[in-house]
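Have the sequence and structure open as you read.

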Amino acid sequence: MIKKILVANRGEIAVRIIRSCRESGIKSVAIYSQPDRSSMHVRYADEAWSVGPGPSGQSYLNIPKILEIAKNSGVDAIHPGYGFLSENAEFAERVRKAGLIFIGPEADAVRAMGDKMKARELMIKAGVPVVPGSDKLTDNESENLRIADEIGFPVMIKASAGGGGKGMRLVEKAGDLAAAIKRAKSEALNAFGDDSVYMEKYLKSPHHIEVQVLGDNHGNIIHLFERECSVQRRHQKIVEETPSPFISDEIREKMTKQAVAAAASVNYTGAGTVEFLVDADMNFYFLEMNTRLQVEHPITERTTGVDLVKAQIRIANGDPLPWKQEEIRKSGHAIECRIYAEDPERNFMPGAGTVLHITEPLGLGVRTDGYIYEGYEITVFYDPLISKLIVWAQTREEAVQRMKRALYEYKITGVKTNIQFLERIMKTPDFVDGKYDTHFIASNEDYLMQGDECTGECEDLAMIMAYIEHQSHTDKRLRFNTHNRKSNWKEYGRIHRFNPF
Ligand code: ADP
């Protein structure tokens, strides 16, 4: 029985995992880098151990140090979260060699799915459809041209070890092919230490739709339906929803079956996600499998009622899955917005700074998974994701309205965020109608990029002005109103939409 877990991560996902540990009566151990010493995950865990300086290579990716902390703190298991070491097969192996439980799949499954070319081969063998594409590309330019012609332009060059959109290049015409392959190779080598690249047909108006799966150590694999993740910037998701407003029930049934087959082909255990690209005619193709908990997992939790972190812990404990496939039901509609410290007007450039003020939305059907607070200093060392806002409602229409309302309530000052950009997404007709693909942001750029009347420092200034206004006028106005005592509160509310301090 797992009694104590080291969370080898930071930020919102560390907080998320620690919460499920506490609910399960399991002790949690946080690790923190020097700039993270007062972070929320440190405060919420039962114990917190310093793992090193800011750069991840010296802290959250430092395997020997993490294993040393695991030994000294007496944990029985390690949860890797997402990112960092979560899809590092060597880490999974070393954790197990140290006599600890790795909360995740076997290293072989991580390895097989971590290599996109290997994964494609496996899927072809398992009868799961893949995007038409090539094997590993060589430096033979005429041969590469022949392959591209056979697949048909435009094509996508992709790094086999790829992730985070790195090493990916769209090639529209033959003349650009050789240079694009060269660039993709050098980017892949820099990012992953492996320059293997391959070619894929570029699907013109695809949807990114993924299926959540859970596998136990007793041969059971189930799915928990799909997530539509087509709202992306720079090939990275920012809004996810479930169910997908695009696919039919018939396609959903086929896709979820194929996802289970994909997971079964590597004897998958734990929580995983099978990603598909779906074309305009609803033909779907395996894209990749993520062998870990996904950022957008809360929308699946909200519609199925399954706590995926607790499920991961149970599976790692050796327990059989407590649900049969037919017992997994979905209800209503959930949407997640990723709140980033970034500037949409400057090509989504990540920002840093001290959080001056934060008001998180509350109310019916709202969940926030975050980790920042007033006075928190956001550094440039890590991913700019600061929080995830998840809403649920009985219908998609109500969920969109609820998300708009929640985003309206969400106030963060001191750092630039994408909150107003997300509000615009919720108002964009293509999104409201559920008629969008991965080109949504590019095709709605003019609408989405309309200047905001008041953002960032301007909003800070507005709050300071409101406070000065409050100091100099409130008393006078309230005194003026003394003949009607009841309306003083109303009057106060009219002067200040919210109290800035
Ligand atoms: P990464 O692992 O680097 O995130 P993925 O293979 O998951 O890369 O692809 C990320 C996104 O890039 C997809 O969600 C999709 O928007 C786009 N994409 C990837 N492959 C193709 C393709 N063959 N055709 C069209 N778009 C693609």
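A residue is called buried when its relative accessible area is under 20%. Keep in mind that the model is predicted.

Q: What makes helix 1 largely enclosed by the rest of the structure?
A: Of its 13 residues, 10 are buried, so helix 1 is largely enclosed by the rest of the structure. The buried ones are G11, E12, I13, A14, V15, R16, I17, I18, S20 and C21.

Q: Why is S244 called buried?
A: The cut-off is under 20% relative accessible area. S244 has 5%, so S244 counts as buried. You will find S244 in the loop between strand 11 (236-242) and helix 9 (249-264).

Q: What does S244 touch, not counting residues up to four places away in sequence?
A: S244 touches I209, E226, E228 and R252 on that count. A polar contact needs a pair of N or O atoms within 3.5 Å.

Q: Which residues have the most contacts inside the largest nonpolar core?
A: They are V239, I412, I425 and M426, in a core of 70 residues. Helix 1 provides the largest share of this core, six residues. Domain 1 (4-103) and domain 3 (207-448) each supply at least three residues to this core.

Q: Which residues is I425 in contact with, leaving aside neighbours within four places in sequence?
A: I425 is in contact with V231, I238, V239, F431, F440 and L448. There is also a second, separate core of 26 residues, which includes M123, V128, I221 and V274.

Q: Which of the 21 residues around the ligand come nearest?
A: K116, G165, K201, H208 and Q232 come nearest.

Q: What distance separates the side chain of K116 from an oxygen atom of the ligand?
A: An N or O atom in the K116 side chain is 2.7 Å from a ligand oxygen atom. For the side chain of H235 the distance is 3.3 Å, and a polar side-chain atom of E275 lies 3.5 Å from an oxygen atom of the ligand.

Note on methods: Residues are numbered from 1 along each chain as its sequence is written. This is a predicted model: local features need pLDDT of at least 70, side-chain atom pairs count only at pLDDT 80 or more; totals for chains, interfaces and linings use all residues. Side-chain values use heavy atoms; hydrogens and water are left out. Helices (H or I, at least four residues) and strands (E, at least two) are DSSP runs, numbered from the N terminus. Buried means under 20% relative accessible area, exposed over 50%, partly exposed in between (1.4 Å probe, protein chains only). Contact means heavy atoms within 4.5 Å. A nonpolar core is a set of buried Ala, Val, Leu, Ile, Met, Phe, Trp, Tyr and Cys residues joined through side-chain atoms within 4.5 Å. Domain bounds come from an automatic or database domain assignment. A residue is near a molecule or strand if one of its heavy atoms lies within 4 Å of it. A polar contact is a pair of N or O atoms within 3.5 Å; within protein, one must be able to donate a hydrogen and the other to accept it, and residues adjacent in sequence count only if both atoms are side-chain atoms.
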